[in-house]
Amino acid sequence: MASLNRIQLIGRVGRDPETRYTSTQTAVASFSVATSERVKEEERTEWHQVSVFGKTAELVDKFVRKGALIYLEGRLQSREYQDKAGQTKKVWEVIADRVTFLDTKRAEERATETASAVWTGSGPPATRPAPSPAASSSKSTPVDFEDDPIPF
């Protein structure tokens, strides 16, 4: 029988990513994400522990900050550890393989910061013009990152 372990979340980052490196120099970024739902008159918030690896972890460390709105995809994984009292604890975490930055204002800032780093694949790196002040003041104008080299 087939099975599926896939999770998708949209939420706010609860703390700045904490990045460390494995013995093989693979980056691992850990952070928390809050999702909320309204049940009758009460809002309920759920906290999710998230880990990302490799190049995605390096990019998350560079661009994601507390309070950022993100979309992530990955799988749910459990692990056990011993606490200070010697008790075995089990935790669930999301191992994300895709992270998308959803804050329009921050995405525009990111585009401006990385404009000089866009490379077309032939010749010298190309630059993209920074967004005009008129475009960045409009809250309803979507930002197009179709050719953005950053995968989240």
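A residue is called buried when its relative accessible area is under 20%, exposed when it is over 50%, and partly exposed in between (1.4 Å probe, protein chains only). By this definition Tyr-81 is partly exposed, because its relative accessible area is 36%. Ser-51, by contrast, counts as buried because its relative accessibility is 5%.

The structure discussed here is a predicted model, in which local features need pLDDT of at least 70 and side-chain atom pairs count only at pLDDT 80 or more, while totals for chains, interfaces and linings use all residues. Residues are numbered from 1 along each chain as its sequence is written, and side-chain values use heavy atoms, with hydrogens and water left out.

The protein chain contains three helices and six strands. Helices (H or I, at least four residues) and strands (E, at least two) are DSSP runs, numbered from the N terminus. In that direction the order of elements is β-β-β-β-α-β-β-α-α. Of the 152 residues in the chain, 32% count as buried.

Strand β2 (residues 18–21) and strand β3 (residues 27–39) pair in the antiparallel sense over four bridges; two strands pair if DSSP finds at least two bridges between them. Within this arrangement, Glu-18 stands opposite Ser-30 in β3. The two strands, β2 and β3, form a hairpin with five residues between them, and Gln-25 in the turn has a positive phi of about 65°.

The interior may be considered next. A nonpolar core is a set of buried Ala, Val, Leu, Ile, Met, Phe, Trp, Tyr and Cys residues joined through side-chain atoms within 4.5 Å. The largest such core has 19 residues, of which Phe-31, Val-50, Val-52, Val-60, Ile-70, Leu-72 and Val-99 touch the most other members. Two or more residues of this core come from each of β1 (7–13), β3, β4 (42–53), α1 (54–63), β5 and β6 (88–101). In soluble globular proteins, nonpolar side chains tend to be buried together.

Leaving aside residues up to four places away in sequence, Leu-72 touches, among others, Ile-7, Leu-9, Val-33, Val-50 and Val-99. Ser-51 lies in strand β4; beyond its neighbours within four places in sequence, Ser-51 is in contact with Ala-29, Ser-30, Glu-93, Val-94, Ile-95 and Ala-96.

Tyr-81 belongs to strand β5 (residues 69–82). Not counting residues up to four places away in sequence, Tyr-81 touches Gln-87, Thr-88, Lys-89 and Val-91. The C-alpha atoms of Tyr-81 and Val-91, which are 10 residues apart along the chain, are separated by 8.2 Å.

Terms used. Contact means heavy atoms within 4.5 Å.
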